[in-house]
Amino acid sequence: MAVKPPTVKKKTGPVTYNWKDHALDGVDVRLRRCTGKKRPGVPAADPSYVFRENMVREFAWATWPHDDGPWTPCLLSGPKGSGKTSFVEQIAARCNVPVFRTNLNVGTTVRHLKGRQGAEAGRTVFIPGIVTMAMEQGAWLLLDELSGVTPPVALSLFPVLEPDGKVLLEDAQPPRYVRRHPDFRIFCTDNTIGAAQEEARFSYTGTNPDLNEALLDRIGSLIEVGYLEPELEHKAVAAKIPTIEATDLACMINVASAVRGSDEIGGGFSTRMLVEWARRAASGSIDARGVIHRPDPEDDSYILDAARSGFLNKMKSTVERDALIEVIRREFDIAMPHNQ
Ligand SMILES: Nc1ncnc2c1ncn2[C@@H]1O[C@H](COP(=O)(O)OP(=O)(O)OP(=O)(O)O)[C@@H](O)[C@H]1O
Ligand SMILES: [Mg+2]
């Protein structure tokens, strides 16, 4: 009688992924792409996204250093709506990597990030937090608004930021270390870190620009994200809102540039604001029958109407709002109404 060989319990390790060199159109930098099917959690690609080579180069160095040394966390710093979050997501979309994104704020706790005990079918189970899931699944962790972090959470992030750091899950039963996947990477974004904080620190309430130095010290790569150059911004917005008139868009971008360079009008002018403004201006209005009325190209006042509901009405200072209305009037040559 044949003797049955003893069943060897297979050791389950992390899923391994295959990677191939990859490059973005027109960007001469080697990235890596995870081959095979689209992985769950990979962001959708935005075909209108404009990549800047210097940013991609630094990103590649932080993520897949070509000296085969350790990777390093990467911080993207810059004004609101300049494209920090979307940059990480769009590279992930091209490289087929899931992104686990969370916004740090005063309510974020160590348990949210690492995990906590919960109940399931009458027993206690460990429910992993977003950091643990990203680390174990080999995803990219995106910590938005890093300076919203509280001191205890900042300290708990130290080992997460070290490529070989051991992260203890105190709430797991029994407590254990995170099984760190080799493909795990970490990115952070912020408005007020680095040289930018000198000007910006008072505009971003709820953030703490005096971030723990030891936390920053563990982040070996910093990308300063400024607004796109006018031609690139034109290309990006036109691709998102193809119905916007090219001349209208060019004037909108002039308005944005004027605000960005102004000492009198605070609050900045983000690419996000431009996209929304162009979208409203291009869409016209809809009547009760569902008929869409396109704006009258002979009368540019619709540009101002779109700006009012899009961003003018939420400006904090009426003086600055009136100054911005004046910039828009001049740029679009919109006459002052008689009753003003
Ligand atoms: N390079 C770009 N190409 C195309 N679209 C862009 C680019 N940069 C920014 N955008 C668009 O601008 C908007 C804002 O971008 P995003 O959310 O990434 O900004 P952010 O810097 O993370 O802003 P915040 O500081 O407010 O979090 C998005 O709709 C994004 O698609
Ligand atoms: Mg963001």
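1. Let's start with helix α12, residues 318–332: its 15 residues reach 21 Å from the first C-alpha to the last, close to the 21 Å expected at 1.5 Å a residue. That expected span is 1.5 Å times one less than the number of residues. Helices here are DSSP runs of H or I with at least four residues, strands are runs of E with at least two, and both are numbered from the N terminus. Just after α12 comes Asp 333, with a positive phi of about 60°.

2. Before going on, note that this is a predicted model, in which local features need pLDDT of at least 70 and side-chain atom pairs count only at pLDDT 80 or more, while totals for chains, interfaces and linings use all residues. Residues are numbered from 1 along each chain as its sequence is written, and chains are lettered from A and ligands numbered from 1 in the order in which they are written.

3. Now the domains. The protein chain splits into domain 1 (19–224) and domain 2 (230–332), with bounds that come from an automatic or database domain assignment. Their C-alpha centres are 33 Å apart. Eight residues from domain 1 and 12 residues from domain 2 make the contact, where contact means C-beta atoms, placed from the backbone, within 7 Å. The domain 1 side has two nonpolar, five polar and one charged residue. For that sorting, Ala, Val, Leu, Ile, Met, Phe, Trp, Tyr, Cys and Pro count as nonpolar, Asp, Glu, Lys and Arg as charged, and the others, Gly among them, as polar.

4. Next, look at α8 (residues 230–240) against α10 (residues 271–283): they pack at about 45°, with axes 10 Å apart. Axes are lines fitted to C-alpha atoms, for helices over the stretch in contact, and angles run from 0 to 180 degrees between N-to-C directions. The pair is therefore oblique; angles under 35 degrees count as roughly parallel, over 145 as roughly antiparallel, 65 to 115 as roughly perpendicular and the rest as oblique. From α8, Glu 233, Ala 236, Val 237 and Lys 240 take part, and from α10, Thr 271, Leu 274, Val 275 and Ala 278. That gives five nonpolar, one polar and two charged residues.

5. α8 has a contact with α9 (residues 246–260) too: the axes come within 10 Å and cross at roughly 130°. So α8 and α9 are oblique to each other, and their crossing is right-handed. Among the residues in contact are His 234 of α8 and Ile 253 of α9. The tally for α8 with α9 is seven nonpolar, two polar and one charged.

6. α10 also packs with α11 (residues 301–310), at an angle of about 130° and with axes 9 Å apart. That makes α10 oblique to α11, and the crossing is right-handed. Look for Trp 277 and Arg 280 among the α10 residues, and Tyr 302 among those of α11.

7. Most residues other than glycine have a negative phi, and most peptide bonds are trans. Asn 96, in the loop between α2 (84–95) and β4 (99–103), has a positive phi of about 60° although it is not a glycine. Gln 173 and Pro 174 are joined by a cis peptide bond, with omega about -5°. You'll find Pro 174 in the loop between β8 (168–169) and β9 (176–177).

Key:
Two residues are in contact if their C-beta atoms, placed from the backbone, lie within 7 Å. A crossing is left-handed if the near helix is turned anticlockwise from the far one by less than a right angle, and right-handed if clockwise.
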